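These are my notebook entries on a structure I looked through, written down in the order in which I looked things up.

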Amino acid sequence: MSGVAPDAKGRTLNFQILRCNPQNEASLPRIDHFELEEASGMTLFLALNEIRDTQAPSLQFDFVCRAGICGSCGMLINGLPGLACRTLTSSLPSTITLAPLPGFELIRDLSVNTGKWMRGMSERLETWIHDQEMPKLCSMETPMEPELAEQIYELERCIECGCCIAGCGTYQMREDFVGAVGMNQIGRFRLDPRDKRDDADFYKLVGDDDGVFGCMTLLGCHDVCPKSLPLQTQIAFLRRKMLAHALK
Amino acid sequence: MKDNRSLITGIGLDQCAGKSRLPALLDLAQSLSGLLLALFMWGHMFFVSSILLGKEAMYTITKAFEGYYIFGTSYPWIVSVAVFCVLILFMFHAGLALRKFPSSYQQYKTILAHKSILKHSDTSLWFVQVYTGFAMFFLGSAHLIIMLTHPAEIGPYASSDRVWDGGMWPIYLLLLLAVELHGSIDLYRLAVKWGWFQGSDPDAGRRHLKIAKWGITGFFMLLGLLTLAAYIKIGIDHQANAGERYHVSLQGNLPDQMPTSATVTTVRLPS
């Protein structure tokens, strides 16, 4: 994807990109350097496409929506987890270091398998509606208070990009930790009246040191979340609720 | 029964026996013990810094803790009992906090690299907590054991002699830095961990908490340094007479532990 017109007064951007192909045993991790003229309104997504089209055809990275919705283009941008499609190069210094998100299976270069991790988390925490009754397909859906729907929607905005996991010091040390994305999911289903689980059920899922009680409250997750989800509040709330259940 | 539990856990079937409440209780215990220790250190600093108000003020507080104003006689073992309770709480908190330490060199290397890449303030503060906590294992224990075994050696001259003539000032300086950094970070993290003082805007609430945290750190650090400097100065001035004890006549009812030959000054306390 080319066609980004260089700005007449654009900076020369120096990209340092961590590259590695774990499928090839001979491929050792290395930093490749690329130079690119900055264009007006250029995002990292556009810059990476430009580099791939003109300088490094084998450079691998993920993207789908280009609008911060799919969560595919998460990467470390100058050390901070973020979405390439949502990051303007103008917001960064002229030297930009890119690396794959840590904590996930590396596919190649900047591409990591967040999907596999998220599926594992989802199965482990059973992040779906647990309904005792069969849905009545021919009748109207049970109404929900707009305020409650708003609260659920607020947590449902998570795009599972993996930035919170990459920013989580606890997860970097303990790979069984569920991370903020998992606890946010539990918070979301706990709110949902269609889910018949109670706190005893949720305690079984996150009431241990791999769950909410393992969180060291470093809050990297909250500070790097590209969707600005209230992860700090959610984790504290879940911790209080799980403790209250344990003290019953 | 206990053997049965060990067998079930050893085989890896403890989760099948029902989810344990222990992780929740340990998390609560770690928070509560940290809170109590941090609040204790505030009180401790205020009492110790009474030396800035004069030797008499510090002496009066020392005697109060020895029960003089209740029993009419000083009982330094009361201090030992209090120190013993603090020591137990300190060890309990340290044991619980150890659960969060990196448990292998690989984990340490990983989290260190994570910190240096991310450059995230709260992650960096956690490292300060780990390092200062580790230092306090030794510095805090040394101080507490000295106080436990020599409870009568607290006073304007006794403490100053220990600081200067006893060569303890470097230990106390390091302990001061470790305690004040660790304690204030601990309180800040407790607040965000449990969602206290969030207000209607949690991000703003956290910013305010962090400002308060640094304010508290600065205040107690300054107070601590001034206090230590005061003890060092008294220690230097008193070096020639090191071993003598400060002593006032308390309406003719002197504590047994205070040798009258060591009388340095006399102050009449209000009745």
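Entry 1, a term I needed. Before reading any pairs across the two chains, I wrote down that a salt bridge is a side-chain nitrogen of Lys or Arg within 4 Å of a carboxyl oxygen of Asp or Glu. I also noted that what I have here is a predicted model. With that rule in hand I looked up A:Asp223 and found that it forms a salt bridge with B:Arg206, where the closest N and O atoms are 2.7 Å apart. Across the interface of chain A and chain B the rule finds 4 salt bridges, and I also recorded 17 residue pairs in polar contact there, both residues being at pLDDT 80 or more.

The largest share, 8 residues, comes from helix 9 of chain A. When I sorted the residues of this side by kind, they divided into 15 nonpolar, 12 polar and 8 charged.

I found 35 residues of chain A in contact with 31 residues of chain B, and the area buried between the two chains is about 3000 Å², of which carbon and sulfur atoms give 58%. In chain A, the residues that lose the most area to chain B are A:Met173, A:Leu218 and A:Gln232, together 19% of what that side buries.

I counted 10 helices and 0 strands in chain B, and buried residues make up 45% of its 271 residues. Among the contacts in chain B with a separation of 6 or more, 70% are between residues 24 or more positions apart. The accessible surface of chain B comes to about 14100 Å², and 69% of it belongs to carbon and sulfur atoms.

A:Leu219, in the loop between helix 7 and helix 8 of chain A, has a positive phi near 65°. B:Phe197, in the loop between helix 9 (169-194) and helix 10 (202-237) of chain B, also has a positive phi, about 55°, although it is not a glycine. Is B:Phe197 buried or exposed? At 65% relative accessibility B:Phe197 counts as exposed, whereas A:Leu219 is buried, with a relative accessible area of 6%.

Technical notes. Residues are numbered from 1 along each chain as its sequence is written. Chains are lettered from A and ligands numbered from 1 in the order in which they are written. Side-chain values use heavy atoms; hydrogens and water are left out. Helices (H or I, at least four residues) and strands (E, at least two) are DSSP runs, numbered from the N terminus. Buried means under 20% relative accessible area, exposed over 50%, partly exposed in between (1.4 Å probe, protein chains only). Contact means heavy atoms within 4.5 Å. Accessible areas come from the Shrake-Rupley method with a 1.4 Å probe; for residues, only the protein chains shown count as cover. Buried area is the accessible area (1.4 Å probe) that two parts lose on being put together, summed over both. A polar contact is a pair of N or O atoms within 3.5 Å; within protein, one must be able to donate a hydrogen and the other to accept it, and residues adjacent in sequence count only if both atoms are side-chain atoms. Ala, Val, Leu, Ile, Met, Phe, Trp, Tyr, Cys and Pro count as nonpolar, Asp, Glu, Lys and Arg as charged, and the others, Gly among them, as polar.
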